[in-house]
Amino acid sequence: MTEDLTPLMEAIGYRFKDVRLLEKALTHSSYANEGKGKRECYERLEFLGDSVLGFITARYLYEKDRGPEGELTKLRAAVVCEKALCSYSKSLDIGRYMRLGRGEAHTGGASRPSILADMYEAVLAAIYLDGGMEPAEKFVLRFIIPEAESQRRRQFKDYKTTLQEIIQQNPGERLEYVLVGESGPDHYKKFKVEVHLNSNVIGKGTGHSKKEAEQQAAHEALRLMGYE
């Protein structure tokens with residue numbers, strides 16, 4: 001069994017010290033119930049993985065987004081919903097390695113969204129127990145970051161244009177975006193921007209591009225002005 005999981009570990013990007021944890025994460029209750037003797041299934045790992053996933057995702061969104069709690073909650077729900085987790089599992093081809101009972105296998109359990117989503121969380125928990133938070137976070141962010149960006153594009157509002165239109169209603173007002181800082185490695189920089197109205201700071205924003213930071217600054221300005 002251990003050698004059979006080598007391609008999956010390569011896809012996951014983590015090599016287990018205790019491969020039995022991964023085997024357990026891939027074992028459905030139907031398979032465990034059919035076997036002789038006591039076999040553990042993925043359900044306890046899925047319980048733990050759900051909490052680990054929630055923490056890593058919440059921290060990432062807290063550090064990445066300056067939006068209010070309501071927006072962060074909606075975004076978190078979108079990137080860890082069953083549909084999203086199922087897609088993450090499919091990209092790793094987890095269904096191919098599932099251990100299912102005969103009945104579950106016959107009825108298409110290996111492609112069932114609910115099982116694929118649960119097993120993603122179980123695999124995450126297995127990584128966390130085997131290697132700690134660092135590889136678990138790496139595993140999660142690999143999927144969460146692009147999905148969050150995709151969700152943001154779908155929900156995107158051009159806050160800069162909205163703010164500009166409001167300010168232009170008062171002739172003589174001057175709006176300016178000022179880069180006040182940047183940090184992080186070249187491939188993952190974080191920019192800090194202030195939006196100034198006649199030299200007064202009316203909003204601040206951060207992002208992994210100057211444009212994104214400017215949008216966040218405009219968004220904050222709109223909220224402070226009562227338009228959001």
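These notebook entries record what I looked up in the predicted model shown above.

**Entry 1. Ground rules**

I noted that the model is predicted, that local features need pLDDT of at least 70, that side-chain atom pairs count only at pLDDT 80 or more, and that totals for chains, interfaces and linings use all residues. Residues are numbered from 1 along each chain as its sequence is written, and side-chain values use heavy atoms, with hydrogens and water left out. Helices (H or I, at least four residues) and strands (E, at least two) are DSSP runs, numbered from the N terminus.

**Entry 2. Leu22**

I began with Leu22, which belongs to helix H2 (residues 19-25). Is Leu22 buried or exposed? Its relative accessible area is 0%, so Leu22 is buried. The term buried means under 20% relative accessible area, exposed means over 50%, and partly exposed lies in between (1.4 Å probe, protein chains only).

I then looked up which residues Leu22 touches, contact meaning heavy atoms within 4.5 Å. Leaving aside residues up to four places away in sequence, Leu22 touches Leu5, Leu8, Met9, Ile12, Phe16, Val123 and Ala126. Leu8 is 14 residues from Leu22 along the chain, and their C-alpha atoms are separated by 9.7 Å.

**Entry 3. The sheet**

I next traced an open sheet of three strands, whose order is S1-S2-S3 with antiparallel pairing. Strand S1 (175-183) and strand S3 (200-207) are the edge strands, each pairing on one side only. On average, neighbouring strands of this sheet are turned by 20° against each other, direction ignored. Two strands are said to pair if DSSP finds at least two bridges between them. In general, strands of a sheet pair through backbone hydrogen bonds, either parallel or antiparallel.

How many bridges join S1 and S2? I found eight, in the antiparallel sense. Gly181 has Lys192 of S2 as its bridge partner, and Ser183 stands opposite Lys190 in S2. The hairpin of S1 and S2 has six residues between the strands, and Gly184 there takes a positive phi near 95°.

Strand S2 (residues 190-197) pairs with S3 over seven bridges, again in the antiparallel sense. I listed two partners in S3: Gly205 for Val193 and Gly207 for Phe191. The hairpin of S2 and S3 has two residues between the strands, and in this hairpin Asn198 has a positive phi near 50°.

S2 is mostly covered, with six of its eight residues buried. Helix H11 (residues 210-224) lies across S1, S2 and S3 and runs at about 135° to S3.

**Entry 4. H10 against H11**

Helix H10 (residues 159-167) packs on H11 at an angle of about 45°, with their axes 8 Å apart. H10 and H11 are therefore oblique to each other. Angles under 35 degrees count as roughly parallel, over 145 as roughly antiparallel, 65 to 115 as roughly perpendicular and the rest as oblique.

The crossing of H10 with H11 is left-handed, that is, the near helix is turned anticlockwise from the far one by less than a right angle (right-handed if clockwise). H10 contributes Tyr159, Lys160, Thr162, Leu163 and Ile166 to the contact, and H11 contributes Glu214, Gln215, Ala218, His219, Ala221 and Leu222.

The buried residues of H6 are Ala84, Leu85, Cys86, Tyr88, Ser89 and Leu92. Asp93 follows H6 and has a positive phi near 60°.

How is helix H4 (residues 43-64) placed on H8? The axes of H4 and H8 come within 7 Å and cross at roughly 80°, so H4 is roughly perpendicular to H8. In H4, the residues that meet H8 include Leu45, Leu48, Val52 and Leu53, and in H8 their counterparts include Tyr120, Leu124 and Leu129.

How values were computed:
Axes are lines fitted to C-alpha atoms, for helices over the stretch in contact, and angles run from 0 to 180 degrees between N-to-C directions.
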